[in-house]
Amino acid sequence: MSKLDSKIPEGPLKDKWTKHKNEINVVNPANKRLIDIIVVGTGLAGGAAAASLAEMGYSVKAFAYQDSPRRAHSIAAQGGINAAKNYQNDGDSTYRLFYDTVKGGDYRAREGNVYRLAEVSANIIDQCVAQGVPFAREYGGLLDNRSFGGVLVSRTFYAKGQTGQQLLLGAYSAMNRQIGKGKITMYNRHEMMDIVKVDGKARGIIARNMITGEIEKHSAHAVVIASGGYGNVFFLSTNAMGSNVSAAWKIHKKGAYFANPCYTQIHPTCVPRSGDFQSKLTLMSESLRNDGRIWVPKNMDDVMAIREGKKKPTDLSEDERDYYLERRYPAFGNLVPRDVASRAAKERCDAGYGVNATGEAVYLDFKSAIHRYGSEKALVTGINNPSEEKIIELGEKVIEEKYGNLFQMYEKIVAENPYKTPMMIYPAVHYTMGGIWCDYNLMTTIPGCYAAGEANFSDHGANRLGASALMQGLADGYFVLPYTIGDYLADDIRTGTISTDLPEFNEAAKEVTDRLEKLINIKGSKSVDSFHKRLGEVMWNKVGMARNAKGLTEAMDEIKAIREDFWKDVRIPGGMNELNPELEKAGRVADFLELGELFAKDALAREESCGGHFREESVEEDGLQKGEAKRNDKDFAYVAAWEYKGEPRDAEMHKEELEFNDIELKTRSYK
Amino acid sequence: MDLTLKVWRQKDKNDKGRMETYPVTGISEHASFLEMLDVLNEQLITEGTEPVAFDHDCREGICGMCSLYINGEAHGPDRKVTTCQLHMRMFKDGETVHIEPFRSKAFPVLKDLVVDRTSFERIQQAGGFISVNTSGNTQDANALPIAKPMADKAMDAATCIGCGACVATCKNSSAMLFVAAKVSQYSYLPQGQVERKERVLNMVDQMDKEGFGNCTNTGACEVECPKGISLEFIARMNKEYVTASVASEK
């Protein structure tokens with residue numbers, strides 16, 4: 001029997017959450033104010049949790065490394081948020097959202113968690129509208145929807161291309177109300193350095209004031225880690241520069257299991273890289289695939305002519321173009337899930353059809369959509385026999401309304417006008433489905449320590465569908481954690497304030513200080529970034545979109561070697577007791593250098609292809625699905641939860657077998 | 001391209017600060033401005049000098065963390081972009097580029113190019129919200145239709161990223177555009193009506209306490225705003241403020 005108890009409630013799927021809520025312990029309102037909760041991270045999950053917990057009466061301390069909660073990277077999510085509202089009357093339901101999410105995740109997520117996610121999704125939209133989030137609306141004043149990759153209904157709510165921003169500002173406003181009331185104490189420009197355990201329970205954190213360098217001790221009755229994903233282990237990703245694994249990695253080293261680290265989402269529509277100086281990659285929302293058609297030239301001559309600047313993409317006629325997604329996946333076309341779209345782009349570019357100088361770019365073309373919308377608009381506005389120019393003019397306006405800010409962003413980066421010439425895109429690391437293992441209550445294997453949002457592993461399986469990250473972050477923060485945390489805290493009403501003078505706090509603070517001193521005293525010859533870039537290169541080449549046993553084994557050794565070199569030769573100018581961005585980066589990169597190795601180990605152990613994890617050894621050999629990823633449910637329908645044992649490669653795997661009672665496991669076909 | 005950088009260096013809050021000159025060479029025109037600063041910092045680290053501290057995070061123009069006053073303009077010479085979206089193709093080979101922190105009494109410098117913008121936080125805490133608790137029983141979202149033009153207006157105001165360019169660029173260091181964006185967003189929406197008067201009075205009151213200057217309608221903020229927040233919203237806030245003051249029983 002596994003050490004892992006997922007605590008999924010008994011009973012029919014649709015009654016589990018209601019039943020669980022009815023049965024768990026609650027803390028009475030008078031006692032809540034005697035209980036402190038620390039929330040690390042103020043994105044959608046952390047911000048929503050901090051605000052909701054404070055509204056309920058708990059005393060909350062929230063931590064963000066940025067200078068304001070509003071800057072957490074949830075802000076950058078563009079496309080939208082899913083909810084099973086069925087406003088479009090296209091047959092959507094809680095069950096269908098649940099089904100799509102489990103299928104989209106390639107049957108590697110927990111049924112119970114995902115059903116709950118689908119169940120609370122509708123509440124999220126109601127809550128956000130009540131907060132004043134300006135979602136897009138139709139002329140009748142009702143909410144508008146769009147469709148997103150991997151599904152057959154329109155259930156995505158959006159606020160232009162800035163949905164994450166508007167949702168985060170909603171959670172931020174709810175936080176501000178509580179900060180103003182003194183119910184949340186906000187610690188901006190503070191970084192969590194370690195968790196403090198007392199009698200085996202999470203009782204606080206050690207944080208560094210990033211302005212003064214002071215090492216601070218903070219106590220609480222429970223600690224929530226909502227610190228986001230670890231995509232920056234690849235150096236180049238769509239994450240923010242400061243996004244890091246450190247909070248999650250620290251709790252992992254203190255007893256929290258890390259689940260499925262190899263499940264990474266490589267997003268198909270990002271602006272291709274342009275040079276060695278590149279510091280990050282920019283996403284172009286997946287919603288663009290609703291209206292954009294993806295193609296590369298059919299003939300190699302055209303590819304070469306385009307690369308040499310002798311031809312423009314607009315010079316190619318329809319039959320000289322290979323709309324490869326429409327060709328390979330007629331049922332879903334350009335709207336196949338992200339993992340499928342990314343691999344298809346890589347396949348074409350590996351075959352030599354990439355359309356820019358680096359050979360790593362494909363076209364995303366809006367010409368057809370501009371024409372279609374322009375004709376519709378002409379009809380609606382009563383323009384008879386519109387000229388071609390008029391149609392294009394009208395169509396471009398419609399496209400601008402839908403994606404104006406994205407087009408502007410693209411133009412600023414690439415210096416090309418995407419209304420007139422197709423965009424160039426290429427896949428980039430975007431989201432990490434893996435994360436801290438947690439049970440149905442979102443509690444990790446450390447009692448009293450919770451994980452929410454992208455930091456946990458639970459809902460997306462091996463691949464996340466578009467517009468589901470915002471849904472999950474807010475579900476965890478607004479509607480799951482505030483209930484489930486009470487079940488644990490009900491035992492703590494008589495505990496009283498936890499003293500930060502306990503030896504456990506002093507020891508943890510000393511460990512933190514020692515590590516920082518060690519880092520700064522290496523006084524080597526290379527910058528932190530140089531190590532980060534080396535790590536990223538190994539990750540991208542050997543642990544990226546396609547993986548094999550040989551590459552993964554090499555990667556583990558190479559990452560270890562980079563890590564050892566780092567601890568001998570990194571140079572960190574400046575001191576500890578001041579604002580020191582190099583020191584901050586060094587701490588984070590040190591943790592990435594450990595995570596990277598576990599990541600590769602996990603990928604090596606999972607000898608199947610599922611979702612974002614593609615093993616070259618595991619592909620379908622014949623039939624309609626030939627060449628597509630081959631999943632192995634018999635041997636790998638489990639969650640791999642790793643227990644820290646010293647070196648990353650010594651981690652011990654615990655399996656949580658996944659049971660599917662309400663869904664039949666099928667080969668994912670988008671043909 | 002090769003450039004000469006004149007960069008503001010200041011050890012901490014109490015240091016007087018000074019401009020330092022650094023040459024950088026071989027910068028690609030496709031690099032972003034912050035990537036150019038990365039190159040400078042890599043160079044400084046190799047030379048054994050402390051790198052230049054600057055705020056940045058998402059590097060895609062939405063988090064509002066990056067700032068910088070470049071050649072006398074907030075977020076530099078391009079329009080409707082943040083510094084992280086500013087690309088080197090906007091500069092000429094051989095040019096001298098002046099890089100300073102955002103300047104305002106209400107944004108004290110913490111180090112080099114990093115400023116403290118928590119005054120913005122306190123303004124938001126004074127009223128930048130709708131008082132609604134998290135509840136699984138909120139009314140259905142479509143029970144409250146909102147006319148599209150109103151919803152669109154609210155969205156236009158809500159796109160503010162809180163970077164502070166409006167303050168940095170204003171000769172009076174006024175935060176009116178920032179405050180007006182939030183006040184306007186809620187004023188257009190039915191959800192924002194209950195606290196409409198109280199909100200504008202409290203937020204403006206806090207803005208004054210933080211030491212921001214007054215608005216003299218020069219319109220510089222609108223020009224430099226990376227999100228193109230319109231001056232119209234300041235007019236709207238003024239109207240909101242006057243109406244609320246007249247009706248106020250305080």
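With which residues is A:Tyr450 in contact, once its neighbours within four places in sequence are left aside? In this predicted model, the contacts of A:Tyr450 comprise A:Ala222, A:Val224 and A:Ile225, then A:Cys438, A:Leu442, A:Met443 and A:Thr444, and finally A:Leu481 and A:Ile485. A:Tyr450 also belongs to the largest nonpolar core, a set of 290 residues in which A:Tyr450, A:Val224, A:Ile225, A:Ile436 and B:Val179 are those with the most contacts inside the core. In soluble globular proteins, nonpolar side chains tend to be buried together.

As to the confidence of the prediction, the complex is given an ipTM of 0.98 and a pTM of 0.97 by the predictor. For chain B the average pLDDT is 96, and 99% of the residues score at least 70.

The contact between the two chains draws on 67 residues from chain A and 68 residues from chain B. On the side of chain A that touches chain B, at least two residues each are supplied by helix H3 (44–56), helix H5 (111–131), helix H6 (163–180), helix H12 (388–414), helix H13 (469–489) and helix H17 (581–605) of chain A. The largest share of this side, 9 residues, is provided by H6(A). By residue class, the side of chain A that touches chain B divides into 27 nonpolar, 25 polar and 15 charged residues.

Within chain A, an open sheet is formed by 5 strands in the order S11-S15-S14-S12-S13, with antiparallel pairing. Its edge strands are strand S11 (264–270) and strand S13 (321–322) of chain A, each of which pairs on one side only. S11(A) runs antiparallel to strand S15 (residues 423–432) of chain A and is joined to S15(A) by 5 bridges; A:Cys270 has A:Tyr426, in S15(A), as its bridge partner. Elsewhere in chain A, A:Tyr644 lies in the loop between strand S18 (638–643) and strand S19 (652–657). A:Tyr644 counts as buried because 20 other C-beta atoms lie within 10 Å, and, when residues up to four places away in sequence are not counted, A:Tyr644 touches A:His252, A:Lys253 and A:Ala651. The C-alpha atoms of A:Tyr644 and A:Ala76, which are 568 residues apart along the chain, are separated by 32 Å.

The secondary structure of chain B consists of 8 helices and 7 strands, and the C-alpha trace of chain B spans about 60 × 35 × 35 Å along its principal axes. Of the 250 residues in chain B, 52% are buried; among contacts in chain B between residues at least 6 apart in sequence, 70% join residues at least 24 apart. Chain B is divided into domain 1 (3–111) and domain 2 (118–132 + 144–247), whose centres, taken over C-alpha atoms, are separated by 28 Å. The contact between these domains takes 18 residues from domain 1 of chain B and 16 residues from domain 2 of chain B, and the side of domain 1 of chain B that touches domain 2 of chain B is made up of 8 nonpolar, 6 polar and 4 charged residues.

Strand S2 (residues 18–24) of chain B is hardly covered, the count of buried residues among its 7 residues being 0. The buried residues of H2(B) are B:Ser119, B:Phe120, B:Glu121, B:Ile123, B:Gln124 and B:Gln125, and they pack against H6 of chain A together with helix H5 (176–188) and helix H6 (196–209) of chain B.

B:Asp57 is buried because 25 other C-beta atoms lie within 10 Å. Leaving aside neighbours within four places in sequence, B:Asp57 is in contact with A:Gln66, A:Arg71, A:Ala240, A:Met241 and A:Gly242 of chain A, as well as with B:Cys63 and B:Met65 of chain B. The C-alpha atoms of B:Asp57 and B:Asn214, 157 residues apart along the chain, are separated by 30 Å.

Notes. Residues are numbered from 1 along each chain as its sequence is written. Chains are lettered from A and ligands numbered from 1 in the order in which they are written. This is a predicted model: local features need pLDDT of at least 70, side-chain atom pairs count only at pLDDT 80 or more; totals for chains, interfaces and linings use all residues. Two residues are in contact if their C-beta atoms, placed from the backbone, lie within 7 Å. Helices (H or I, at least four residues) and strands (E, at least two) are DSSP runs, numbered from the N terminus. Ala, Val, Leu, Ile, Met, Phe, Trp, Tyr, Cys and Pro count as nonpolar, Asp, Glu, Lys and Arg as charged, and the others, Gly among them, as polar. Domain bounds come from an automatic or database domain assignment. A nonpolar core is a set of buried Ala, Val, Leu, Ile, Met, Phe, Trp, Tyr and Cys residues joined through C-beta atoms within 7 Å. A residue is buried if 20 or more other C-beta atoms lie within 10 Å of its own, exposed if 12 or fewer, and partly exposed in between; C-beta atoms are placed from the backbone. Two strands pair if DSSP finds at least two bridges between them. pLDDT is the predictor's confidence in each residue, from 0 to 100.
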